[in-house]
Amino acid sequence: MRRYLTLLIVLLLIASIQTNAQKVALVLSGGGAKGLAHVGVIKALEENGIPIDYIAGTSMGAIVGALYAAGYSAEQMEALFKSKEFKLWSTGKIEEDKVYFFKRKSDNAAWLNINLRPKSEKLEVAIPTNIIPEAQMDFAFMELFSAVNAACDYDFNKLFVPFRSVATDVYNRNQVVGRNGDLGEEVRASMTFPFYFKPIEINGVLLFDGGIVNNFPVDVAMTDFKPDFIIGHTVANNPGKPDPDNVVAQLENMIMGKTNYNIPKDKGFLLETKFINVELMDFQKIDFIEQEGYLTAKQNMDSLKRQITRRVSKEEVEQRRTAYKSTIPRMLFHNITVEGVTDNMKKKYIIQSIKHKAPIVSIDEVRDAYYKLISDDQIRSMRPVSKYNKETGFFDLTLKVKSTDPLEVLAGGNVSSQGITEGFIGLNYKSFKDRAYTASGNVYFGKFYSSFNSGLRVDIPAHNPLYLNANITFNNWDYYSSSSDIFFSDSHPTYILQDERNFIIDAGMPTSTNSLFEFGLAHSNSIDHYFQTQSFKKADEPDRTIFDAFNFHLKFEYNSLNDKQYPTRGLQRIIEGKFVTGNEKYSPGTTAPDTDEQFTTHTYEMFRFKYDKYFPISSKVTLGVLAEALLSNKKTFSNYLATIAEAPAFTPNPHSKTIFIDKFRANNYIAAGGKGIFPIKEKLHVRLEGYYFIPIRKIMQTEDYKAKYSDIPLSDKYFMGSCALVNQTPFGPASISLNYYEKDGSKFYFLFNFGYILFNRKGL
């Protein structure tokens, strides 16, 4: 009897040892935003002491699995996925304060840019291969996982939890398992869904989303880890029969292979979380999605606990996690190399843009420089890859660069219910060596506005970079053609035609990511054609004023506005000074009250200040303020209309740029107002705007058509307002607006508009 009792105790001890040695693998499926439910499952498992000894995943399952394997807790993953940074890199958007304003070229009316690249002595159109730009994501994966790579010595078995990912070899349509190498690159490959993201090349193999061949890598976990038990969590299903009108479902059927979403009963347990109204990119629904995953695990916890008897406390997991993270080195970079360009001068341009001759640079410095470089017209794409150098104790950075296609064609313009419709065509030629060169030209053509511009810009990289810019421009505005309205007509439209040609040389340097200091010289020759009376015939010759002037200008500008027309976020602040000297020549026409030509020399200084800022109050309301002031000692010209035509205009909204209103022009003024932005959808909003314009010294017309300044300063004020429905489409803004101006004649103007009401730069 005693012998049997001893044998029983020994068997129980052996069984206990075997039970305590029980190893568990967690397998996570792909599924886009639905994969955020994996975080809820991990949270529930840790709360209940269920061990996770290995982890494997595909696509979104690979992202969650890699983060867990890198030492992220469920709470830390949740914070990451809720962060503004994740939203930006998952959508390809670059935050306004990371857009390098110094690199931004002059705004134009382009709807689309078409790149042309030389191929076999021909020009080939470069068609985009992905919807979401990859630059943000590539840097995010490098920053998230590079230091972890160093800690595990590029062996995924040495991570906090051993990890496997699955990607697809595009050419052979084979499964590629990530077991070692760069963790960030392997995860980036696993989640690269076709058409949404650009494929990634690793070791000469072009890789796409692992869900194409294996969206639930149970077989990989069984083969590589040989666990005692597998917990599988799936949020995906094999694509169903597509609807004839559902293009996305049709593509999904063609791309995604059939996956076995089952686990053998003797090998593990399957958790399934099903969603109805969650799409591929619905990451904003994280709270709901994660909670559903958590509930799935909680509802099946009793079954799991019966089959997995080993327990690991959350405190023990946290201790191990803290110990593992202590081995992760700080990201400091020493050596930087460039691949993808063969010209050593081009490599020097890129490296110098990051290091500026400094021996060591931090991840923050690299990040800032990276965003500056991807803002550069000369660079089409740049993938950062870092590797820990054991000999130096620093990271080496490799930038895999593709230069921009040298030729770029721009097309766009403006379509309007008024007479301000115009077309736009532009052409840029880009090249860089140790410096970057951009030769550009454009043409606007329309009844109201036409223009030709040609220019050259040179960018010089350095710790304090510099650009040099030279432009020649011919402008023409016909305000007589734009003065009628579709519903209301002016009783006496003003006849003003302005021809202006200028040559401008600028130099500029950044003062921060969003600001620059610019200075330069300009020559301007403006010719104003006008009638000083409303009684004129077709055969009459208009009066003409020519102002031929030189100016020296200084400008500081901060700009983080999110759109070049109808912005809803950001700040623009301008402080500008000009010294102007020039000669005025007045030539009377057939209706002029004067018959003699007049010649006058004008020398004056001018200072301008502008402040335009948007304040988000809630998800439903954004308020904005605009303040503008202009001061000068400019004297009057030969007559009232000549003075008004050469006076700066206050034009705070697009429509105000298209009509000539003397009450909103002055050589000295202050103006201020407010804006209310009311979003309907992400790209659709209603905006209300109202402004007061106050001439400091109003330009007045005398009985003999001369001009004089008012004797009493700040004696008049004029209001303008608008109400608009704006939809920011991928090609430009579409808007319906009603505009009001406190002036003589028509006061209300209705406008339907698609495109940009933008002009080439004036010399003054």
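A charge is taken to sit over a ring if NZ of Lys or CZ of Arg is within 6 Å of the ring centre and within 35 degrees of the ring normal. In this predicted model, local features need pLDDT of at least 70 and side-chain atom pairs count only at pLDDT 80 or more, while totals for chains, interfaces and linings use all residues. Residues are numbered from 1 along each chain as its sequence is written, and side-chain values use heavy atoms, with hydrogens and water left out.

The charged end of Lys613 sits over the ring of Phe615, 5.2 Å from its centre. For Lys564, the charged end sits over the ring of Tyr756, at 4.4 Å from the ring centre.

Rings of Phe, Tyr and Trp (its six-membered ring) pair if their centres lie within 6.5 Å; planes under 30 degrees apart count as stacked, over 60 as edge-to-face and the rest as tilted. The structure holds 36 aromatic pairs. Phe139 and Tyr370 form a tilted pair, because their ring planes lie at 35°, with the centres 4.8 Å apart. This pair links distant parts of the chain, with Phe139 in helix H6 (residues 135–152) and Tyr370 in helix H14 (residues 363–374), 231 residues apart. Helices (H or I, at least four residues) and strands (E, at least two) are DSSP runs, numbered from the N terminus. Phe139 is buried, at 2% relative accessibility, and Tyr370 is buried at 1%; buried means under 20% relative accessible area, exposed over 50%, and partly exposed in between (1.4 Å probe, protein chains only).

One aromatic cluster is formed by Phe424, Tyr444, Phe448, Tyr449, Trp477, Tyr479, Phe660 and Phe759.
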